[in-house]
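Here are some exercises to work through with the sequence and the 3D structure side by side. Try each task yourself before you read the solution.

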Amino acid sequence: MMRKIISAAALVAMCLTAQGQMRVEPANWWVGMKNPEVQLMIHDKDVAKMEASVDAKGVEVTRVERTDNPNYMFVTLSISKKAKAGTFDIKLEGESGEKTIKYELKERRPNSQFRTGFSSDDAIYLLMPDRFANGDPGNDTKEGMSERSDRTAPYGRHGGDLRGVTDHLDYIKELGMTALWMTPVMTNDMPESSYHGYAITNYYEIDPRYGTLEDMKNLSAELHKRGMKHIMDMVFNHCGTNHWWMKDLPSKDWLNKWYDKDGNETFVRSNYRLSIIRDRHASKHDLDVALKGWFDKSMPDMNLRNELVKNYFIQNSIWWIETVDLDGIRQDTYPYSDVEAMAEWCERIKDEYPYFNIVGECWISEAGKLAAWQKGYGKDNGMEDSGLPTIMDFPLQEAIWKSMTEGEGWSDGANRLYDSFANDRIYPDPMSIMIFGENHDCGRLLTQLKDDEASLRLTYALLATARGIPQLYYGTEVLMKGNGFDGHANIRGDFPGGWEGDTLNYFTRMPEHEKAMRDYTARLFNYRKKSMALRRGSMTHYLPQDNVYTYFRYDSTTQKRVMTILNLAHESRTLDLTKFEEIAGARLQGTDITTGKKVDANGTLTVGAREAVVVAIGE
């Protein structure tokens with residue numbers, strides 16, 4: 001019979017007593033899911049020699065799968081509509097005796113399936129929690145974990161955590177951001193460089209140096225109080241070599257492995273050539289190295305062609321969505337995993353949460369190749385559809401820094417930007433593309449732009465007003481710099497003021513120079529929050545002239561229009577406004593949201609050198 005729900009602490013104590021070293025993942029599930037089944041991975045010595053059964057109303061064992069490792073059993077439970085929230089017993093019986101697992105089914109959050117994911121309505125702030133703010137110095141170092149906190153170590157743990165992020169949500173909101181994306185916060189117990197989070201060693205645990213599961217839940221709650229969204233970074237392509245299962249793999253084909261001519265396991269690194277994966281002419285050898293090669297010796301490559309592995313990760317995503325109350329997922333290295341498996345992952349997530357959103361990292365700088373990774377392209381072009389709703393606009397990211405730094409001429413920077421957006425014809429959904437100038441893997445934007453702050457203002461004006469979902473990287477709004485060619489440590493600095501004793505605290509007070517850039521950023525993105533034209537409107541752009549790029553965003557319902565003029569030239573330019581009359585009208589009147597000044601121009605408008613003008617027409 002289903003029992004009354006008991007406290008989490010009591011439940012854990014009971015499980016430990018009953019299980020000893022047994023591990024069960026996921027540790028709980030929910031009633032009322034659209035998919036009634038959940039696959040439990042049970043790890044214990046010789047557990048495969050036992051049989052599993054349950055005695056609970058509405059719950060039954062429908063499938064038991066065993067692998068070549070006798071220490072694992074995969075038990076599928078079917079949870080019908082008759083099942084109630086509470087705990088029940090899963091009994092394991094065999095020649096060695098009996099064991100009991102106390103398993104819990106929880107109530108779903110009200111209207112959980114109708115949660116609304118991030119979209120072009122949002123502006124996303126990306127940060128690395130270890131480098132943003134230290135809200136709890138007591139968790140900087142955890143005994144028993146491989147790496148201790150050392151803020152002087154460029155690639156070491158610096159002590160930033162979830163509480164530090166939560167403490168400064170108002171700063172992020174005041175900047176005009178509506179969504180938060182943090183690099184992975186799951187346990188990454190690796191001997192070095194564990195701060196970045198991409199070599200996960202426990203997929204069901206918050207890294208204790210970031211805080212607790214409750215801290216993660218509280219972060220979501222505080223975001224939602226502010227009308228903001230929570231996007232969680234996930235990694236399916238690879239785990240860390242210190243993952244607990246590496247000492248006893250669930251099956252021989254749990255990972256993608258390579259062997260030399262003598263049959264000995266060997267290391268093969270991925271060729272990182274994503275164009276191969278959608279190439280009809282690609283050789284099997286090249287494709288295998290791209291998909292099955294390891295990212296690094298410390299990052300074993302997961303085999304998502306194995307149904308058990310695939311189900312493990314799909315359920316892991318659902319578990320985090322329900323547990324933490326997420327609004328979106330960012331999937332790392334999306335194309336490097338099996339295409340069919342990832343498409344099914346997207347489908348099953350969207351089946352449970354129809355309005356949820358997922359963005360995948362597809363680091364491809366050619367629009368013709370990148371477009372193949374957005375949902376809808378595959379089925380229209382005779383190939384496996386990726387299922388991925390949102391992709392990251394790496395072609396635009398490259399066009400931005402090149403356009404701002406290259407010399408002038410016929411193929412000047414303004415034309416490069418124009419051509420990047422002209423490629424929208426090949427994307428299934430241009431509005432559901434994440435646009436950005438930098439992230440945690442690129443050189444800091446200001447450094448890419450050769451320390452030219454005018455170029456940074458032009459870039460932010462573009463990101464705030466172009467089609468798509470803008471994403472900013474923490475600290476650039478206060479002029480943080482870093483050359484990615486000299487190592488990732490240079491682009492992942494500590495935010496000034498995030499640590500007690502910092503000489504500068506940019507959260508509360510910053511020098512006027514940095515404040516000017518922060519305020520410029522905030523004006524743009526706070527206006528964007530209230531502008532239907534910028535969030536959802538159509539885009540019309542004009543061929544650049546004299547290195548000036550001009551485009552409009554407009555909303556047919558409200559008739560609101562916004563005109564963006566980006567003068568990339570090093571001299572002022574006087575624009576002939578007559579060609580824009582079809583949208584702007586005979587006389588350009590409105591407010592430049594970058595300055596708050598009124599614009600009233602008839603026939604011509606002069607724009608200063610390296611200057612952006614963003615006119616809210618009629619306002």
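Two residues are in contact when heavy atoms lie within 4.5 Å, and helices (H or I, at least four residues) and strands (E, at least two) are DSSP runs numbered from the N terminus. This is a predicted model, in which local features need pLDDT of at least 70 and side-chain atom pairs count only at pLDDT 80 or more, while totals for chains, interfaces and linings use all residues. Residues are numbered from 1 along each chain as its sequence is written, and side-chain values use heavy atoms, with hydrogens and water left out.

**Exercise 1. Find what covers the buried residues of helix 11.**

Step 1. Buried means under 20% relative accessible area, exposed means over 50%, and partly exposed is in between (1.4 Å probe, protein chains only).

Step 2. Apply this to helix 11: Gly413, Ala414, Asn415, Leu417, Tyr418, Ser420 and Phe421 are buried.

Step 3. Seven of the 10 residues of helix 11 (residues 413-422) are thus buried, so the helix is largely enclosed by the rest of the structure.

**Exercise 2. Work out how helix 10 runs relative to helix 11.**

Step 1. Two packed helices are described by the angle between their axes and the distance between the axes. Axes are lines fitted to C-alpha atoms, for helices over the stretch in contact, and angles run from 0 to 180 degrees between N-to-C directions.

Step 2. For helix 10 and helix 11, the axes come within 8 Å and cross at roughly 170 degrees.

Step 3. This makes the two helices roughly antiparallel, given that angles under 35 degrees count as roughly parallel, over 145 as roughly antiparallel, 65 to 115 as roughly perpendicular and the rest as oblique.

Step 4. On the helix 10 side, the contact is made by Pro395, Leu396, Ala399, Ile400, Lys402 and Ser403, which meet Gly413, Arg416, Leu417, Ser420 and Phe421 of helix 11.

Step 5. Sorted by class, this contact has six nonpolar, three polar and two charged residues. Here Ala, Val, Leu, Ile, Met, Phe, Trp, Tyr, Cys and Pro count as nonpolar, Asp, Glu, Lys and Arg as charged, and the others, Gly among them, as polar.

**Exercise 3. Classify two aromatic pairs, Tyr72 with Phe74 and Tyr334 with Trp373.**

Step 1. Rings of Phe, Tyr and Trp (its six-membered ring) pair if their centres lie within 6.5 Å; planes under 30 degrees apart count as stacked, over 60 as edge-to-face and the rest as tilted. The count by this rule is 41 aromatic pairs.

Step 2. Tyr72 and Phe74 are stacked, at 6.5 Å centre to centre with 15 degrees between the planes. Tyr72 counts as buried at 0% relative accessibility, and Phe74 is buried at 0%.

Step 3. Tyr334 and Trp373 have ring centres 6.3 Å apart and planes at 85 degrees, so this pair is edge-to-face.

Step 4. That pair links distant parts of the chain, 39 residues apart: Tyr334 is in the loop between strand 16 (328-331) and helix 7 (339-352), and Trp373 is in the loop between helix 8 (367-370) and helix 9 (377-380). Tyr334 is buried at 2% relative accessibility, and Trp373 is buried at 1%.

**Exercise 4. Which residue lies over the face of Trp373?**

Step 1. A charge sits over a ring if NZ of Lys or CZ of Arg is within 6 Å of the ring centre and within 35 degrees of the ring normal.

Step 2. Arg278 lies over the face of Trp373, at 4.7 Å from the ring centre.

Step 3. Elsewhere, Arg23 lies over the face of Trp244, at 4.2 Å from the ring centre.

**Exercise 5. Where does Asp46 lie, and what is its phi?**

Step 1. Asp46 is in the loop between strand 3 (37-43) and strand 4 (51-54).

Step 2. Its phi is positive, about 55 degrees, although Asp46 is not a glycine.

Step 3. With a relative accessible area of 27%, Asp46 is partly exposed.
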